Amino acid sequence: MTEKISVHRMKSVVTVCCLSFLLGLVALVETDEDYTEDEEMILSLILQDDTQPEAESRPSAQFYRCTKDAWRMPGQYIVVMRKGTHVNQVERTARRLRAKAAKRGYLIEILQTYSGAFHGFLVKMSSDVLHMAVKLPHVEYIEEDSSIFAQSIPWNLQRILQNKHESGKYSPPNDGAKVGVYLLDTSVQVTHREIEDRVMVTDFNSVPEEDGVRVHRQTSQCDSHGTHIAGVVSGRDSGVARGASVNSVRVLNCQGKGTVSGALAGLEYIQSSLMSQPIRPVIVLLPFVGGFSRTLNAACRKMVESGTVLIAAAGNYNDDACLYSPASEPEVITVGAVNFADQPLSTGTTGTNVGRCVDVFAPGDDIISASSDCSTCFTTKSGTSQAAAHVAGIAAVLLNLSPNSSSAELLQQLLHHSVRQVINPESLPLNHRLTTPNMVAALPDSTSTLIGEDLLCRSVWSERSAVKGLATTTARCRHGEEMLSCSSFSQNGARAGERVEERDGQKECVAVNGNGGHGVFAVARCCTGHKAQCQMLESPKRGEDAECPPDYQLTGCSSSSSSGHVSDSDLPLHGSRRACPAKRGEMSYASCCHTSSLECRLIEHNPTGLSEQVEVSCEDSWTLTGCQGLSDGSGVRGAFALGNTCVVHTSGGDKGAAAIATCCRHRPSHQLSDH
């Protein structure tokens, strides 16, 4: 698009450069050398008396420029000749412009001539010469050159869209304009057209000296990582949440290197800024990793407890994310990276970190975004930093819809909208296949009505226990989540069950390794939006049922044995009496919740044939809160929730197993009025 503007003639001054040029031409005249038509024209124009009007008085040609200021290319102009103009007139006009410019001390460069769809030329010159150019004969109009861009959606933005009916257009539910993002990274090139007026550089700067004595601290290198990440979050064309504001906090040097102490100082700076000038909602993006640090994890945890959402990169070391910080902190939303095929990012010897400390995956391979090489340059980068930036953008969109959501509620929403079971488990290390979430982050569908009060649950895995008999391991929910059930899983089936304990006011799912076991996992079912008063009740004594009080709903059952082997429990009771039955010598644990709107029910799947894996899923609008396995002959290796599906693994045998799902929901409002 273009707009018409006026060009005013500016008063010219003969410069020293022009005088030198004139003396040079006079010297040529004195030597009686032949000179070209260009030189004759230049000489005649220089010798021309400026006080005399031009022989021909003509109106000025029109001048146009792009209405998108960020796309303009000042200093480069397309001169379009009138219809019927011959090629030789184009060349003569270009020479005449060069001569007029030279007379006033300006140099111009003809970059291209056109003779197809129109006659004209492309010229590189100062805008001060425009008033002369529009007065040239045969010129119809002049247009300032401007940038053009490919309009296909980059694969990563296409991938996070749920609603794909509008091909070629990126259209998220909103632009995240209500959300502020703090970016702890390198410096950022704020003049880049992608992020101009969207990024504010804070006065914080805590970075170590660069390694080596001959480091070239070019601005483009120092800004490279931060500029690219800021573009992924909120860039005009490459960003996920294009209305979100970004505050740059520099904690990485020109080599992309920082220190734990610098990151701690950066977090403290942000906390202080939020106290003096509160921003809500706010996201802190941590696109870096270091070795495991208790101090850094504790600082992140404290920020989340104060109401801030923290999102971190999982790391690019093809390793367990739990070995790195801040990725290992449970209160931080940790993001792994996938490629175009939705498979874990792997580039040579490096690749995305995986494991139970990863919460979700996002696009992180060949991501197009702003390059710090110039204000209109783009480049591709890969890594979990880029993946974390995608999730920060999606989180901004979600918080724009539901600004009061806590970090725990936001994570549940992210997982609810994610695309499930697209990662090939064979592409994950064997020891992380069960514990790594098979979910790729996506934007909510435009028809989604999900809010922070909906009942949403996720599974949280512990690390594997030691192999000695009765060794334990623990899974915990995040701050703001409620544990609605606890289960366990053992690869060889040797387990002594699980129990729920309370420590420092927080419930813990404790799994017990069985005699001869190879280690056991605890799996906590952690939920938000329950709007209920919940408690975990145990059997009065071994062999007796754990029963919920009247008007309480049973959301899950657990059982444990002190003998080193747990028997399969009986079917939970969900009638007028809601209880978890206990086998002889064993303890049962019932998760009981009370609210007038909550309702729960059991769904059982008992296949007729033998199967090593049995599944049963809750119906739409119902949420899986508990998962158990029952067998009669073949031992159950354990049960766990995978999304909204209860999965039971058996050890084989001559009889099959059943999967038991406890499904709950908030009763629809029209049903509440009937009670």
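**Burial and strand pairing**

Modeller: Of the 675 residues in the chain, 52% are buried. This is a predicted model, in which local features need pLDDT of at least 70, side-chain atom pairs count only at pLDDT 80 or more, and totals for chains, interfaces and linings use all residues. Residues are numbered from 1 along each chain as its sequence is written, and side-chain values use heavy atoms, with hydrogens and water left out.

Colleague: What makes S28 and S33 a pair?

Modeller: Two strands pair if DSSP finds at least two bridges between them. S28 (residues 533-538) and S33 have 6 bridges, so they pair, in the antiparallel sense. One of the bridges joins Leu537 to Ala590 in S33.

Colleague: How do you know that S30 pairs with S33?

Modeller: S30 (residues 553-561) and S33 share 8 bridges, therefore they count as paired, again antiparallel. Ser561 has Glu586 of S33 as its bridge partner.

Colleague: Why are S34 and S36 called edge strands?

Modeller: The open sheet of 3 strands runs S34-S39-S36 with antiparallel pairing. S34 (598-605) and S36 (623-631) each pair on one side only. S34 and S39 (residues 657-666) have 8 bridges, so they meet the pairing rule. In S39, Thr662 is the bridge partner of Leu602.

Notes:
Buried means under 20% relative accessible area, exposed over 50%, partly exposed in between (1.4 Å probe, protein chains only). Helices (H or I, at least four residues) and strands (E, at least two) are DSSP runs, numbered from the N terminus.
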